[in-house]
Amino acid sequence: MILPIVAYGDPVLRKKSEEISKEYPNLQELIANMKETMYNASGVGLAAPQIGKAIRLFVIDASPFADDDDLTKEENEVLKNFNRVFINPKIIKEEGEEWSFNEGCLSIPDIREDVWRQPTITIEYQDEQFEKHTEKLTGLAARVFQHEYDHIEGVLFTDRISSLKKRLLKKKLENISKGKIKADYRMRFPN
């Protein structure tokens, strides 16, 4: 089932999300709905707060980036297969020299900005069977993870841009929260 995506300005996007257990009600159905919602909106990631649930869960499918000619063969291969469910994830370590990439967000349609993040992260998470994993991610795989991870921490990519850019975007962001926006997918607006 395709769910409405929560728009900028909704308080759920600012909450630090709660961990969940195997007993979380209808978890497999929720994960399936989140994937369907993400694909319907042409996204590469979707966090539970973006569908109104303040829980530590997100889904990623970075395969659309795998066709990028600017990436190495190895990175294309990683992205092609980077389709996962992350439950109760933690970033253990971030390292390397920060790099800039133009990010967007399904909760903030029609706004894209350059965001600086570290290129290599070590993460821990549970998959949909609640098996624990520890791994290292680099490049775009790390970036997509960091963006979705921010959502479960109550952080938006617009929090990571300069105060000048934030001021320039203020009116656009207000319009999004008021529903004065056209999106190609269902949205839920706070005002």
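The model is predicted, so local features need pLDDT of at least 70 and side-chain atom pairs count only at pLDDT 80 or more, while totals for chains, interfaces and linings use all residues. Residues are numbered from 1 along each chain as its sequence is written, and side-chain values use heavy atoms, with hydrogens and water left out. Helices (H or I, at least four residues) and strands (E, at least two) are DSSP runs numbered from the N terminus.

**Largest pocket**

- The largest pocket holds about 430 Å³ of space; a pocket here is an open set of points on a 1 Å grid over the protein atoms alone, where a 1.4 Å probe fits, with protein on both sides within 12 Å along at least five of seven lines.
- Its volume is the space filled by probe spheres set on the points, which are joined across faces, edges and corners.
- The lining of the largest pocket, meaning residues with an atom within 4 Å of a point, comprises 24 residues, and V44, E103, G104, C105 and R112 lie nearest the centre.
- Strand 5 (99-105), strand 6 (108-117) and helix 3 (139-152) are the elements that give two or more residues to this lining.
- The lining residues divide into 12 nonpolar, seven polar and five charged, where Ala, Val, Leu, Ile, Met, Phe, Trp, Tyr, Cys and Pro count as nonpolar, Asp, Glu, Lys and Arg as charged, and the others, Gly among them, as polar.

**Salt bridges**

- The structure holds 17 salt bridges, each defined as a side-chain nitrogen of Lys or Arg within 4 Å of a carboxyl oxygen of Asp or Glu.
- R56 and E153 meet through their side chains in a salt bridge (2.6 Å, N to O); because R56 lies in the loop between strand 2 (45-47) and strand 3 (57-61) and E153 in the loop between helix 3 and helix 4 (163-177), the pair ties together parts that are 97 residues apart in sequence.
- R56 counts as buried at 6% relative accessibility and E153 as partly exposed at 23%, given that buried means under 20% relative accessible area, exposed over 50% and partly exposed in between (1.4 Å probe, protein chains only).
- A salt bridge also joins the side chains of E103 and R117 (2.8 Å, N to O); E103 lies in strand 5 and R117 in strand 6, so the pair ties together parts 14 residues apart in sequence, and both residues are buried.
- The side chain of R117 also meets that of D150 in a salt bridge (3.0 Å, N to O), linking strand 6 with helix 3 across 33 residues, and both R117 and D150 are buried.
- Salt bridges that share partners join E103, R117, R143, D150 and R160 into one network.

**Aromatic contacts**

- There are eight aromatic pairs, counted when the ring centres of Phe, Tyr and Trp (its six-membered ring) lie within 6.5 Å, with planes under 30 degrees apart taken as stacked, over 60 as edge-to-face and the rest as tilted.
- The rings of F58 and F86 have centres 5.2 Å apart and planes at 35°, so the pair is tilted; F58 in strand 3 and F86 in strand 4 (residues 83-95) are 28 residues apart.
- F58 is buried, with a relative accessible area of 0%, and F86 is likewise buried, with a value of 0%.
- F58, F82, F86, Y125, F145 and Y149 form one aromatic cluster.
- R143 lies over the face of W99, at 4.3 Å from the ring centre, under a rule that places NZ of Lys or CZ of Arg within 6 Å of the ring centre and within 35 degrees of the ring normal.
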